Amino acid sequence: MAVKDQTITNESITPAAKMAPTPIFFIRHGETDWNAEGRLQGQQDIPLNNRGREQARRNGRVLRAYLKNVGISTESLNFVSSPMARTRESMELLREELGLAREDYVQDERLKEITFGVMEGKTLPEVDELMPQYGAARREDKWGFVHPEGESYELLSLRIQSWLVTQSRPLVVVSHGGVLRVLRGLLEGHKTHVIPKLPVPQDEVFLWRDQKGCWL
């Protein structure tokens, strides 16, 4: 399995990158109906839809091919997931494609998605209609804006950093879009205004290896 050409490199190595285990395979959960509708999902426990299940299987097949190609055994990897239903099902479908027991992985509360608080379940146009002051403030500073009764991307980044420093073995992680954005920020050194806008596809695997990232 060849990696895609859009290799992401960083001129300077961040402190997080220096201490992070390698490789890290990060998979965002597959699509849910709320994803398809553009709703702020956060920590609402929304299940995968059929497209999301196929995305998870696809990622498992791609990961299986890559591991075989580079000679990495699944026994050398720690499998860890957010405890949300959509991430657990994605992990279990992925492991099934790897020929592994579906439920033999670790769940970690720190890998939950950013909390959008009172904005969860709403689309951004609905936020602008029902609570325009929050929509405007979020657009002004998406990194620092603390969603009412929720978190900011800045707070999420601190949470994920506290998780990352406890990791010492190569990882397969199934988590969420916001988590992937801040993890890439920590590893790749992106500016804070860029991090909340980083792409987080549900049908690709993000690989961090040898101080650089790429998509599989």
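Helices (H or I, at least four residues) and strands (E, at least two) are DSSP runs, numbered from the N terminus. The structure is a predicted model, in which local features need pLDDT of at least 70, side-chain atom pairs count only at pLDDT 80 or more, and totals for chains, interfaces and linings use all residues. Residues are numbered from 1 along each chain as its sequence is written, and side-chain values use heavy atoms, with hydrogens and water left out.

**First stop: the sheet**

Select the strands. An open sheet is formed by 6 strands in the order S3-S2-S4-S1-S5-S6, with mixed pairing; two strands pair if DSSP finds at least two bridges between them. S3 and S6 are the edge strands, each pairing on one side only.

Now select strand S1 (24-28). How many of the residues of S1 are buried? The count is 5 of 5, where buried means under 20% relative accessible area, exposed over 50%, and partly exposed in between (1.4 Å probe, protein chains only). In a regular strand the side chains alternate between the two faces of the sheet. On one side of S1 are Ile24, Phe26 and Arg28, and on the other are Phe25 and Ile27.

Next, show the neighbours of S1. S4 runs parallel to S1 and is joined to it by 5 bridges; Phe26 has Val173 as its bridge partner in S4. S5 runs antiparallel to S1, with 4 bridges between them, and Ile27 has Val205 as its bridge partner in S5.

Val80 has Val106 as its partner in S3.

**Second stop: helices on the sheet**

Select helix H4 (residues 85-97), which lies across S1, S2, S3 and S4 and runs at about 150° to S2. Helix H8 also packs on the sheet, touching S1, S4, S5 and S6, and its direction makes about 25° with that of S5. Contact means heavy atoms within 4.5 Å. Axes are lines fitted to C-alpha atoms, for helices over the stretch in contact, and angles run from 0 to 180 degrees between N-to-C directions.

Most residues other than glycine have a negative phi, and most peptide bonds are trans. Select Thr22 and Pro23: the peptide bond from Thr22 to Pro23 is cis, with omega near 0°. Pro23 is in the loop between helix H1 (15-19) and S1.

Move to the loop between strand S5 (205-209) and strand S6 (212-215), where Asp210 is found. Asp210 is not a glycine, yet its phi is positive, about 55°. Is Asp210 buried or exposed? Asp210 counts as exposed because its relative accessibility is 57%. Gln211, in the loop between S5 and S6, also has a positive phi, near 65°. At 33% relative accessibility, Gln211 counts as partly exposed.

Select Thr123, in the loop between strand S3 (106-107) and helix H5 (124-130). Thr123 is buried, with a relative accessible area of 12%. Leaving aside residues up to four places away in sequence, Thr123 touches Glu37, Gly38 and Arg39.
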